[in-house]
Amino acid sequence: MANVTVIGSQWGDEGKGKIVDWLASRADAVVRFQGGHNAGHTLVVGNQTYKLSLLPSGIVTGTLSIIGNGVVLDPWALKDEIAKLRGQGVTISPDNFAIADNCALILPFHRDLDALRETAAGAGKIGTTGRGIGPAYEDKVGRRAIRVCDLAHLDHLEPQLDRLTAHHDALRAGFGEPPIDREQLVAELREIADFVLEYAQPVWKRLKKVRKAGARILFEGAQGVLLDIDHGTYPFVTSSNTVSGTAASGSGLGPSAVGFVLGIAKAYTTRVGSGPFPTELEDETGQRLGERGHEFGTVTGRKRRCGWFDAVLVRQSCAVAGVTGIALTKLDVLDGFEKVRICTGYRLRGKILDYFPSHAADQAAVEPIYEEMDGWSESTAGARSYADLPAQAIKYIQRVQELIETPIALVSTSPEREDTILIRDPFSD
């Protein structure tokens, strides 16, 4: 059976939650393979709305849901999220939920450092969510992380604490903060350890068994390709690789497991936080897009910046992430616009570019080249087939497909799971 990997093709917030939920109802396992609780998914199922930050979307439907080793895990945030979902009637147990025992942990001093750095950076701030994700990944790469498996061996943590405090106490001193209280940290870890360890296991082994049985696996990414630590708008990026290839390393399965790569893209563009945004609209049109699209971050509540669809960026995302097909979301937000625009290229100091440059100064200086199309006055909200769409909306979809050089596999026309136009089934390949 085919597996599917879902990634964002813009700066995140593309509506992955709805698409992942729709696919999860047909999958046998859902795996979250990177990021932390800085990304959010909103799922609307019937009259119930679920907001997830860390748990894979499959948990709502009772599908086996796994947090892979590529994720950095805040155990306290996990406990709060599980409690909230249980309060909404969701069943969560070791039968349908597992955590990789080699996940690195996000600890309280990571959150402290994240906030201290952002405050001190002033105009140079990245615009992080302040949840400690970056510092936790730094400790993982620096080989001083405390991992989930360490929670079962807290009496033997001294060597790791020595490495951690040697690094962090010097940083904290630079900010005028006291050293890490090692005793308090260990006490807090003891308090949460049993809760986390109930779900901890070598998930690569469980996934190997699931795959051997011919089950469908859905790999769920967080953020988007343009926030990838290598391929994104550096330094205004997240701290992990968000491209589809990370599904292999972040889950413990090889690259052949990735399967159909479904890139999610809004019919326009949004971004949260700092960094370049060539098609950003700081006028009434941008405000209208934001209001119609309810553009506020699931996790932070921050207002998203809005602009026209940037085909250059999405084409580049599709290339570097090996996207097989695109799910185009929020088409209904463009309803009622007399004219709609698509960015087809950039001008940079007299030159025309068909790609987004790597250097931050060039990224900030590019000017979008637009193609204008007639809009449509009819509603696309809730459409479930091409026959339900206005002719101009179909023309828009087709033009987007041509410009990004990637086929559109499905179109989402509302937050409701069933309001989806399926052109190519990712699971059928």
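**Close-up views of a predicted model**

**View 1. An open sheet of 10 strands with mixed pairing.** Its order is β9-β7-β5-β2-β10-β1-β11-β15-β19-β20. The edge strands, β9 (200-201) and β20 (420-422), each pair on one side only. Strands here are DSSP runs of E with at least two residues, numbered from the N terminus, and two strands pair if DSSP finds at least two bridges between them. This is a predicted model, where local features need pLDDT of at least 70 and side-chain atom pairs count only at pLDDT 80 or more, while totals for chains, interfaces and linings use all residues. Residues are numbered from 1 along each chain as its sequence is written, and side-chain values use heavy atoms, with hydrogens and water left out.

**View 2. Where β19 meets β20.** Strand β19 (residues 408-412) runs antiparallel to β20, and 3 bridges join them. Look for Leu 410, whose bridge partner in β20 is Leu 422.

**View 3. The surroundings of Met 373.** Met 373 sits in strand β18 (residues 367-374). With a relative accessible area of 13%, Met 373 is buried (under 20%; exposed is over 50%, partly exposed in between; 1.4 Å probe, protein chains only). Leaving aside residues up to four places away in sequence, Met 373 touches Glu 338, Lys 339, Val 340, Ile 342, Lys 395, Tyr 396 and Arg 399; contact means heavy atoms within 4.5 Å. Gln 392 is 19 residues from Met 373 along the chain, and their C-alpha atoms are separated by 8.5 Å.

Key: Helices (H or I, at least four residues) and strands (E, at least two) are DSSP runs, numbered from the N terminus.
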